[in-house]
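The sequence and structure come first.

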Amino acid sequence: MKQQIEITGMTCGGCVKNVKEALKQIEGVQTVEVSLNPPQAVIEANESISKTQLSQALVKAGGYSIAGAEGDKNQKKSGGSCCS
Ligand code: 9UX
């Protein structure tokens, strides 16, 4: 099934890559498409992945979060791997 999530905290192409890699690590996830504009991810997985699980992966990847979800107030702590 497909799930679309809105992501906050992505500011450059490196973020997109980080997010994509992080989401791919989640068990059951088959394909991940991430775009910066609008900041979102579309995930295809065998089963529904919980928002909690997605959110955790995003935070681990570098302080990103799902828009509107709990933890969205977390400020991004540091820049990612590329431009900042
Ligand atoms: Mo995103 Mo770029 O975390 O330095 S701003 S990779």
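## Contacts and surface

In this predicted model, 57% of the chain's contacts with a separation of 6 or more are between residues 24 or more positions apart. The chain has 84 residues, and buried residues make up 35% of them. Its accessible surface comes to about 5,200 Å², with carbon and sulfur atoms contributing 46% of that area.

## Order of elements

The chain contains 2 helices and 4 strands. Along the sequence they follow the pattern β-α-β-β-α-β.

## Strand pairing

Strand β3 (residues 40-45) pairs with β1 (residues 2-8) in the antiparallel sense, through 5 bridges. Strand β3 is also antiparallel to β2 (residues 29-35), here over 6 bridges.

## Nonpolar core

The largest nonpolar core holds 21 residues, and those touching the most other members are Ile5, Ile7, Met10, Val19, Leu23, Leu54 and Leu58. Two or more residues each are given to this core by β1, α1 (13-24), β2, β3 and α2 (51-62). Helix α1 supplies the largest share, 4 residues.

What does leucine 23 touch, leaving aside residues up to four places away in sequence? Its contacts are Val29, Val32, Ala41, Ile43, Leu54 and Leu58. Of these, Leu54 and Leu58 are themselves among the core residues that touch the most other members, as is Leu23.

## Cysteines

Are cysteine 12 and cysteine 15 buried or exposed? Cysteine 12 has a relative accessible area of 12%, and cysteine 15 has a relative accessibility of 1%. Both values are under the 20% cut-off, so both residues count as buried.

A disulfide is a covalent bond between the sulfur atoms of two cysteines. With a cut-off of 2.5 Å between cysteine sulfur atoms, the count of disulfides in the model comes to 0.

Terms used. Residues are numbered from 1 along each chain as its sequence is written. This is a predicted model: local features need pLDDT of at least 70, side-chain atom pairs count only at pLDDT 80 or more; totals for chains, interfaces and linings use all residues. Side-chain values use heavy atoms; hydrogens and water are left out. Two strands pair if DSSP finds at least two bridges between them. Buried means under 20% relative accessible area, exposed over 50%, partly exposed in between (1.4 Å probe, protein chains only). Contact means heavy atoms within 4.5 Å. Accessible areas come from the Shrake-Rupley method with a 1.4 Å probe; for residues, only the protein chains shown count as cover. A nonpolar core is a set of buried Ala, Val, Leu, Ile, Met, Phe, Trp, Tyr and Cys residues joined through side-chain atoms within 4.5 Å.
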